[in-house]
Amino acid sequence: MTLIQPIKRPSSLAQARYIVSENRVTFGSFLLFFALVLLAIFGQAIAPYDPMASNAAVALSPPSLAHWFGTDDLGRDVLSRVLVATRLDLGIAVIAVVLSFGLGSILGTCAGYFGGWCDRIISRIIDTLMAFPLFILAMGLVAALGNTVENIIYATAVINLPLYTRVVRAEILVRRDAGYVEAARLAGNGHLRIMAAHLFPNVLPVMMVHISLNMGWAILNAAGLSFIGLGVRPPTPEWGIMVAEGATYIISGEWWLAIFPGAVLMLAVFCFNLLGDGLRDLVDPRMRT
Amino acid sequence: MSRPSTVSIVIQRILGAIPSILGVIIVTFVLTRALPGDPAAYFAGPAATQEAIDQIRDSLGLNRSLPEQFFIYVGELLRGDLGNSLTTGQTVVSDLLTRLPASLELTLAGLIFSLALALPLGILAATRPGSWIDHSVRILATAGVSLPTFFTGLLLIYVFYFRLGLAPAPLGRLAILFSSPDQVTGLFLVDSLLAGDWETFRAALGQLILPAVTLGLFALAPLARVTRASMLSVLSSDFIRTAKASGLAPHTVLFGYAFRNALLPIVTTLGVVFSFLLGANVLVEKVFAWPGIGSYAVSALIASDYAAVQGFVLTMALLYVVLNLLIDLLYTVIDPRAGVES
Amino acid sequence: MISSPTTATSVQTSLLSVRGLSVEFRTRTGIVQALENISFHINKGETLGIVGESGSGKSVLALAILGILDQAGYVTGGEILWSQDTATCDLLKLPEKRLRQLRGQELSMIFQNPRVALNSIRKVGKQLVDVLRCHSNLPRSRLKARALELLASVRIPDPQQRYDAYPYELSGGLCQRIMIALGLACSPQLLIADEPTTGLDVTTQATVMNLLKELATEQQMATVVITHDLALASEYCDRIIVMHAGHVVESAPTHLLFSQPRHPYTAKLIAATPEPHKGFEDLVPILGSLPDLRREDLPPCRFVGRCDRADETCQQEELVYRQVGGEHWVGCWYPLEE
């Protein structure tokens with residue numbers, strides 16, 4: 001009898017290197033993502049100027065060696081404000097996404113797993129939310145709850161809720177009658193344990209894709225709300241509000257006040273979209289369009 | 001074999017939209033009445049006296065029980081009463097009606113622009129896989145959804161107005177020199193054509209181009225992407241092979257057979273795109289000082305003009321429900337199977 | 001490699017003569033050598049069967065003849081000679097426009113799974129009219145009438161009502177008849193039927209095949225029946241060619257093929273075909289499976305891996321296609337004895 005040689009698994013490092021080489025674009029977006037996270041954490045520290053310090057003498061000066069992104073109408077350094085704004089913009093989006101992902105997962109899992117009236121009620125609520133153009137619903141929510149940053153977060157969370165609920169529900173429905181779930185049920189596991197320990201973990205990889213894509217949209221939404229004057233108030237640096245403040249100056253040619261924050265905003269959103277696309281290719285190429 | 005008649009399908013779809021309308025009304029009711037704090041104070045505005053607040057509380061029936069309030073609310077809606085705007089002093093309904101045509105013209109123009117680009121681009125990308133068009137469309141699709149609408153608008157203003165001087169100043173629908181054409185539809189382009197007024201037409205068109213393009217660019221990416229994907233999928237299906245084997249001319253195969261079948265997912269995506277478009281409308285109106293209901297809502301928000309904002313939300317939501325209904329009906333026209341009960 | 005048979009005499013009378021046709025597919029995972037050096041011919045009015053397992057290249061062959069291969073498919077050699085009114089041309093060298101004129105008009109194909117092979121959101125009558133409008137000179141007013149005639153000719157009951165039907169409203173058998181009507185709309189000289197009976201129940205199968213046979217005789221049309229069902233081929237075809245892994249391994253008139261199969265594969269196919277008198281134990285499956293056609297090192301005879309008669313010669317020598325009877329040809333170094 002011959003001994004079968006165990007398959008030599010490649011080391012984790014080799015595996016990682018292989019995945020990276022196959023997906024350079026995704027890897028690039030991962031790097032960009034980390035850069036953004038670092039900026040969010042350390043932005044304040046590496047900003048060359050105090051983002052709030054006004055200096056009337058150099059107001060509205062174009063980009064130069066001293067001020068890479070120029071200065072705004074109060075003489076504040078645009079680069080510093082853009083860097084520091086990273087934390088607020090990303091923070092708002094992250095918290096909103098975490099909230100809606102959390103609540104949406106619970107609702108979606110219950111709806112998909114239990115079915116029946118539980119599913120009907122939850123689906124009805126979600127359908128009703130989806131009957132609104134979502135950005136406009138956010139406007140209405142902020143108007144109703146009050147014009148604060150917390151409410152921007154809650155409003156963004158609410159309008160993202162339908163997406164997560166529906167996706168989780170769909171994924172749970174597909175897996176509800178799978179073999180391993182049957183086995184867990186027969187082994188005497190309670191509903192909660194099955195949902196939390198058996199079903200939901202299998203849904204996570206797909207959710208990673210949706211979360212990444214949704215982050216981009218959450219950032220755009222939050223910036224849009226602050227562009228029209230909701231939530232963040234001056235002089236707080238935030239990308240949306242900086243574009244709004246810079247809008248009046250673009251007509252007279254001082255483009256740097258609005259363009260730089262807008263470009264960085266776009267870059268952040270683009271990063272999350274690329275990341276999401278790359279993750280989708282990794283997780284389930286069939287989802288590709 | 002009997003197929004349900006068109007009329008019955010239409011009625012079915014309309015009935016199907018009723019739960020959505022009901023849901024929208026309930027949600028706006030909750031938003032306007034069942035809030036933390038004192039809703040009367042919201043409606044009266046930040047500068048109101050205690051008497052004014054009490055008066056409003058009375059007239060809105062806020063002292064009654066919630067179910068009673070709901071019926072009062074629905075009754076007001078059916079009468080077309082959305083309250084009064086604090087900033088303009090008019091009824092919200094009349095404010096909205098005055099400004100609605102502007103927004104409609106903008107949204108329509110944006111939609112036409114994006115469809116006019118997205119469909120051909122998607123078809124070209126699908127029929128020439130691997131070519132530069134294919135790659136461009138794919139990049140466009142990914143990059144396009146990352147563009148903040150307000151940023152694109154400002155960028156376009158900077159390039160085309162400030163730098164190149166091609167576009168007029170972004171100050172609304174018509175430059176001050178011109179007076180608006182006689183109102184027939186409220187759409188300046190249509191009305192000026194109907195009046196035979198070329199000058200006004202050109203002026204209105206000039207003002208419309210940049211905001212319409214900004215709005216259209218936003219919708220372009222998802223539409224181009226779904227057109228390409230849908231065409232690719234359809235072109236490799238069996239019935240196309242049959243059509244080719246029968247020797248049908250390429251343009252018949254492409255447009256008569258392939259494109260019509262590919263339309264189905266495109267129309268579905270259109271529904272989702274509308275949701276984004278209506279939201280982006282608000283942003284574009286702010287950037288270009290377009291006097292539509294979007295900028296009305298924005299100024300109402302800043303001024304805490306509560307009734308106006310909620311009237312706006314309700315109107316947009318109902319508009320969206322109607323749009324979805326139309327898309328549903330369009331779907332049934334294209335796909336005869338859609339009318340069949342499964 | 002397998003070298004082509006020299007059928008000098010048959011070229012003059014044959015309607016379609018395929019010589020040394022090779023087709024490959026360029027995919028991300030490699031180049032698939034779908035067809036290698038295929039040669040056969042079909043004469044006017046005759047019914048030829050092409051049998052073989054799934055993946056043997058039967059459908060690819062048909063698509064290549066019509067010139068509607070997938071984008072990844074490339075013809076790497078050979079000729080397809082089409083004879084019409086004493087003129088012969090190579091279909092592979094024709095400009096696309098000319099080919100399109102031939103397709104549907106002289107050379108036609110019908111497909112399996114007719115429900116999905118027809119345009120599901122277009123009325124079947126309109127689909128017929130599309131083909132008629134493309135190829136015939138009929139004035140518009142006459143097109144619908146002609147379409148109704150066609151529907152009647154394939155024995156569809158109540159053609160007026162069926163004209164306005166959508167494929168999803170019709171049964172599989174009816175759809176297949178519509179498919180046939182589509183294929184025969186312009187009275188082609190040659191009809192290729194790719195698995196015309198797959199997915200249909202047995203009685204419908206018989207009806208469809210009988211219909212095809214009748215129409216072929218009426219219109220003096222040559223038919224190629226592609227099928228994996230040996231029994232079907234034995235009943236309806238005059239001659240049969242057997243394909244395996246992109247090669248033609250045997251070709252013979254039907255009665256000869258079944259009474260004296262010479263290629264081991266043909267014999268095994270026959271042995272594996274259910275028949276009323278055979279018990280379940282009598283059916284012998286063919287061991288092994290089709291070789292991976294992406295391999296660079298394919299042996300000259302692709303049946304080598306599944307053959308119990310193979311030896312060194314089969315692994316190395318270029319295969320020669322030899323005549324072993326009147327119209328009986330085999331591609332094998334060790335054909336079965338008579």
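A salt bridge is a side-chain nitrogen of Lys or Arg within 4 Å of a carboxyl oxygen of Asp or Glu. The legends below describe a predicted model.

**Figure 1. The interface of chain B and chain C holds 0 salt bridges by this rule.** Chain B contributes 22 residues to the contact and chain C contributes 29 residues. About 2300 Å² is buried between chain B and chain C, and carbon and sulfur atoms account for 58% of that area.

**Figure 2. Chain B meets chain A through 48 residues of chain B and 44 residues of chain A.** The two chains bury about 3800 Å² between them, with 80% of the area on carbon and sulfur atoms. Chain A and chain C are joined by no contact; their closest C-alpha atoms lie 14 Å apart.

**Figure 3. Chain A is built from 10 helices and 0 strands.** Along its principal axes, the C-alpha trace of chain A spans about 85 × 55 × 30 Å. Chain A has 289 residues, and 49% of them count as buried. Among contacts in chain A with a separation of 6 or more, 71% are between residues 24 or more positions apart. Chain A exposes about 13800 Å², with 68% supplied by carbon and sulfur atoms. The chain carries 19 positive and 18 negative side chains, and the centres of these two sets are 13 Å apart.

**Figure 4. Chain B is built from 13 helices and 0 strands.** The C-alpha trace of chain B spans about 80 × 60 × 40 Å along its principal axes. Of its 342 residues, 50% count as buried. In chain B, residues 24 or more positions apart make up 71% of the contacts with a separation of 6 or more. The accessible surface of chain B is about 15600 Å², and 67% of it belongs to carbon and sulfur atoms. The 19 positive and 20 negative charges of chain B have mean positions 16 Å apart.

Figure 5. Over all chains, the count comes to 28 salt bridges.

**Figure 6. C:D130 pairs with C:R122 in a salt bridge.** The closest N and O atoms of C:D130 and C:R122 are 2.8 Å apart. C:D130 counts as buried because its relative accessibility is 7%, under the 20% cut-off.

**Figure 7. A salt bridge joins C:R155 and C:E218, with an N to O distance of 4.0 Å.** This pair links distant parts of the chain, the partners being 63 residues apart. C:R155 lies in the loop between helix 6 (140-153) and helix 7 (159-163) of chain C, whereas C:E218 lies in helix 9 (residues 202-219). C:R155 has 36% relative accessibility and so counts as partly exposed. C:E218 is exposed because its relative accessible area is 55%, over the 50% cut-off.

**Figure 8. A:D72, A:R76 and A:R81 belong to one network of salt bridges.** The salt bridges that join these residues share partners.

Notes: Residues are numbered from 1 along each chain as its sequence is written. Chains are lettered from A and ligands numbered from 1 in the order in which they are written. This is a predicted model: local features need pLDDT of at least 70, side-chain atom pairs count only at pLDDT 80 or more; totals for chains, interfaces and linings use all residues. Side-chain values use heavy atoms; hydrogens and water are left out. Helices (H or I, at least four residues) and strands (E, at least two) are DSSP runs, numbered from the N terminus. Buried means under 20% relative accessible area, exposed over 50%, partly exposed in between (1.4 Å probe, protein chains only). Contact means heavy atoms within 4.5 Å. Accessible areas come from the Shrake-Rupley method with a 1.4 Å probe; for residues, only the protein chains shown count as cover. Lys and Arg count as positive and Asp and Glu as negative; His and the chain ends are not counted. The place of a charge is taken as NZ of Lys, CZ of Arg, CG of Asp or CD of Glu. Buried area is the accessible area (1.4 Å probe) that two parts lose on being put together, summed over both.
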